Every structure is written in structure tokens, then in C-alpha cells.
Amino acid sequence: MQREEIQRQILTILEDLFEFENPGLNDNLRDDHGFDSIDAIELLGEIEKILGFSLTRAEKEKAMTIRTINDILDYIEVIASEHNK
Amino acid sequence: MKRRVVITECSAITPIGYAKDDIVRSLKEGISGVKPLRDDGLLTDYIHSRVFGTVDYPIAYDFKRLYRKTMGPVAFYACQVAKDILERAGLGQEFISSGRLGVAFSSTHGSPSIQRHIYKTFFSNLKSEFSSIGAVDYLKSMVHTTAVNITRMFGITGRVIASSTACTTSSQSIGFGYEMVKYGMQDAMICGGADEYDTTAVAVFDNLLACSVAYNDNPECTPRPFDRKRDGLVVGEGAGAVLLEEYESARKRGANILAEVIGFACNNNGGDLILPNIDGIITTLRLALDDAGIEAADVDFVSAHATATKMGDVIESQAIAAVYGDSPLITGLKSYMGHTMGACGAIELILTMYMMEQGFIAPTLNLENVDERCGMINHARKLTATDTNIAAIQNFAFGGVNTCLLIKNGSAIS
């Protein structure tokens with residue numbers, strides 16, 4: 001999946017499900033949009049749907065360093081790449 | 001330290017309305033909120049009782065996602081009635097977050113619809129569902145979900161009491177909240193209960209042969225408390241919340257005093273978990289009178305638990321007669337909306353306050369021919385214009401829990 005397509009899907013999720021207003025790729029998720037640990041776990045469920053497979057616990061723990069939307073996109077690209085090896 | 005405790009705000013979402021005017025009109029005009037059971041795709045095909053006390057009007061919730069994300073349907077009800085009373089009271093955020101305002105609120109067992117979602121995941125192929133048990137499903141379904149969603153939404157930092165005791169859930173909430181304020185542990189309490197649309201509750205009572213089944217084609221004709229042709233209870237949904245405040249501080253801030261809680265009692269039958277127990281009920285009613293320091297003759301009106309089960313109504317009538325004789329008017333308010341489970345005590349107290357304020361007592365709906373075994377008490381058979389000074393609200397639950405709340409009309413408080 002191309003990064004542009006991942007970005008489109010993630011922005012749709014953040015706007016529709018998480019009610020982000022005017023999300024920017026380098027916005028701080030917590031400071032700019034009130035994104036918290038509960039949201040992070042919910043988002044991982046949505047990311048699993050995009051990827052089409054379940055994330056391992058180790059993969060989920062790696063997501064806890066995510067701070068921006070660009071970080072989310074990087075995270076998905078890396079996980080997808082490792083899964084396809 | 002014993003302090004006076006007053007009710008300064010209230011709000012109820014009920015099968016007969018949300019706004020006070022709608023509820024009062026239903027009580028005055030004998031309008032029932034019992035409707036046909038909705039198909040929920042899980043149990044309805046196996047349930048014999050096809051009626052439910054239904055909230056079938058839209059409610060315009062205005063909760064941000066920040067709060068919505070931890071709320072199941074039952075918490076929406078709870079937060080809405082809590083929001084109503086806090087907005088109307090106009091309490092400052094400094095007091096709300098001072099630790100002197102607490103919450104006593106609960107439901108029968110959290111959010112059954114969210115619990116069903118979790119169980120469905122277990123019984124499906126988990127791998128294909130990914131993380132289908134959401135991160136917040138527990139927060140939405142846990143037994144104290146109503147209380148803590150209220151504290152979260154409004155930044156309340158005082159005590160939390162979540163007494164989930166089936167049909168006495170919210171009468172205990174109000175009683176325990178009253179004791180918190182009376183004995184100086186808190187200065188104010190948001191108290192009440194809620195339960196959402198839930199056919200599993202119908203299935204449970206249906207299985208125990210306690211649900212009404214003879215009026216499936218005429219839902220408004222059931223339940224029929226104290227009537228010869230009653231055939232069981234009708235499960236319902238709803239929510240009720242009251243704001244309890246210490247009398248002096250409520251008076252100083254110019255609050256409108258709706259009623260004073262003058263007595264509360266709660267006990268257990270100490271035995272069977274289902275059958276009503278006349279000794280346990282009589283003891284509760286007398287303990288409440290003792291707590292209030294009044295005589296039985298001082299009570300003008302009794303809101304009976306009156307679920308319309310065959311034995312429950314008889315035992316309750318006998319207990320009322322033993323304590324009060326045939327003096328106070330008796331109404332079974334469940335006749336209008338069914339048994340709203342964890343919400344019933346709060347809703348029935350609020351409806352009693354509405355009737356007190358407006359100077360009338362509504363009759364028990366569908367009471368056409370009084371069962372002679374229930375005939376020794378003063379049933380309200382017609383809409384009665386009367387001033388009620390003191391009222392008793394009594395509720396009894398599976399598990400042998402009994403409660404009685406005594407309230408005094410706000411207009412009679414000096």
C-alpha cells in the first residue's frame with residue numbers, strides 16, 4: 001500500500017472516528033487533538049483493519065512512542081514492510 | 001453531627017417522558033409508556049413477554065467524543081440527567097471539583113449491550129475480528145460505569161458510591177447519598193440510577209415466570225399492580241438523578257428546595273434471594289420512620305414498589321397495612337412505565353416530588369378490580385387533588401434488599 005493511500009485512510013479515521021478538526025501531519029496528537037492512551041489503543045484496532053492482520057504485543061508497544069500523524073504513517077509502513085518480508 | 005439534607009434539583013428520563021410537563025401529563029391522563037418488545041436479534045424469539053417500558057423519543061445528547069468514548073447507552077442516560085441537574089443548579093466548578101461533592105449512582109449491571117458485544121467476540125472467530133474487543137469496552141460495561149462517567153464529565157473529585165443492588169440500586173444511591181451529607185462526609189451528592197434497553201433482563205424474569213405475558217397485544221394494559229388480573233412485571237428503561245445538598249448551604253445560595261429527605265432505611269431479609277419477606281419489609285418501613293423521627297400517621301402517600309407480581313403485591317400490601325393501616329394513599333407508579341430496574345427508586349421519587357409540587361396523586365394505572373388480598377390499604381383509584389406533606393418511596397430487590405426513603409414537601413420546609 002502506498003503512503004498516500006495510508007495517509008488518506010488514517011486522516012479519514014482521525015476525522016470521522018476521533019473527531020479531529022483540520023489535522024496536520026506534524027500536529028502533536030496529544031497537545032493539539034487531546035489524543036490519549038485510550039485513543040491509542042482504539043487506533044491500533046483501526047490500523048489492524050488497514051493492515052489486514054493482527055498486531056503482536058511487541059508491535060503494539062512500539063506504537064506508544066508515536067507523537068504525530070507522520071509517526072503513525074511511518075509506523076504502518078514499517079510494520080507492513082516487515083510483515084511482507 | 002447530623003445535618004438536614006434537601007433535594008434541590010432532579011431530572012428523569014422515563015418511558016412516559018423526559019420533560020416534567022410530559023411526565024405530569026402522562027400521570028394525569030393515564031398514559032402508559034409500555035410498548036411492544038423490540039427485536040434485538042439475540043433473545044427476543046425465546047421470550048414469552050413481548051412488552052417493555054420503552055424510552056421511544058429522541059434525546060439530543062451534546063457530549064464531546066472525549067466523554068462519549070467511555071460511555072455505553074446506560075452512561076448516556078446517566079450523564080444526561082446528571083448534566084441537567086448540575087446545569088440547573090449552577091454550582092461553580094470550584095465546588096464541583098472541591099472533593100465536597102460526591103456521586104452515588106449505578107445501574108443493575110453496567111451496560112448489557114456492550115457486554116453482549118464482548119461476548120459475541122468470544123463466540124466468533126477472534127483472529128478474524130482483530131482487536132474487536134475495544135480498549136474502552138470495559139469502561140463502558142463495568143458496573144460503576146455510570147458513576148465514573150459522571151465524575152469524568154464534570155470533574156467531580158468527591159466520593160463515589162456505586163451500589164448495584166438490582167431494583168434497589170437507585171433508592172440505595174439516594175439513601176447512601178443522604179447519609180453522606182447528613183453525617184458531614186460530603187456537602188452535596190449527585191444520586192440516582194439508570195438502566196438501558198435490555199432484553200436479557202426480560203429473559204431472566206421471563207424464565208422465573210415473573211414477567212407479564214397476557215397483554216402482549218395490549219401493552220398499555222400491563223403491568224397491573226394490585227389488580228386481580230395482574231400477571232407479572234414489565235421490564236423498562238430510564239434514568240433518574242437528584243442533587244442532595246446540606247440544607248443550610250442550599251438555603252444560603254438561594255436554591256429551590258424541592259423536598260427534604262427526612263428518613264432512610266435499608267436492610268436485608270437474611271434468607272431467600274427471590275421471595276418477598278413481610279418481616280424484612282415491615283422492619284425497613286419502621287426503621288425509616290424511626291430515622292425520620294415521625295409516626296406512621298404522618299405519612300400521606302406511599303409510592304409502592306408494586307411490580308405486579310402475584311405474591312409481591314400481596315406481601316407489600318400486608319406490610320403497608322401493618323405499618324400504616326389504611327390511611328395514606330398508595331400508588332404503584334410502575335403501572336405507567338414498567339419496572340425501570342436500577343433507575344426505579346430515583347424515578348419514582350422524582351415522580352412523587354412532581355405530584356407533591358403540583359398537588360395531586362396519580363392513581364395506579366390498570367387497577368380495575370383490586371385483588372382482595374391487597375384490599376386492606378388505601379389504593380389511589382382516581383386522580384386525586386391533595387396536598388402531600390410527607391411521602392414514602394419503598395423499593396425491594398432480588399437478593400432480599402429492602403429500602404424506604406421518606407421525603408417532606410419542599411413547600412413545607414422552614
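Modeller: Ala, Val, Leu, Ile, Met, Phe, Trp, Tyr, Cys and Pro count as nonpolar, Asp, Glu, Lys and Arg as charged, and the others, Gly among them, as polar. By these classes, the lining of the largest pocket holds 19 nonpolar, 10 polar and 5 charged residues. The model is predicted: local features need pLDDT of at least 70, side-chain atom pairs count only at pLDDT 80 or more, and totals for chains, interfaces and linings use all residues. Residues are numbered from 1 along each chain as its sequence is written, chains are lettered from A in the order in which they are written, and side-chain values use heavy atoms, with hydrogens and water left out.

Biologist: What volume does the largest pocket have, and which residues are closest to its centre?

Modeller: A pocket, on a 1 Å grid over the protein atoms alone, is an open set of points where a 1.4 Å probe fits, with protein on both sides within 12 Å along at least five of seven lines; lining residues have an atom within 4 Å of a point. Points are joined across faces, edges and corners, and the volume is the space filled by probe spheres set on them. Here the volume is about 620 Å³. Of the 34 lining residues, Pro276(B), Thr307(B), Thr309(B), Gly312(B) and Phe398(B) are the closest to the centre.

Biologist: Which helix supplies the largest share of this lining?

Modeller: Helices (H or I, at least four residues) and strands (E, at least two) are DSSP runs, numbered from the N terminus. The largest share, 5 residues, comes from α13(B). Ala308(B) lies in the loop between β9 (301-303) and α13 of chain B; its phi is near 80 degrees, a positive value in a residue other than glycine.

Biologist: How many residues of each chain are in contact, and how many salt bridges are counted between the chains?

Modeller: Contact means heavy atoms within 4.5 Å; 15 residues of chain A meet 11 residues of chain B in this way. A salt bridge is a side-chain nitrogen of Lys or Arg within 4 Å of a carboxyl oxygen of Asp or Glu. The count between chain A and chain B is 4. Asp39(A) and Lys69(B) form a salt bridge through their side chains (2.8 Å, N to O). On the side of chain A that touches chain B, helix α3 (residues 37-51) gives the largest share, 7 residues.
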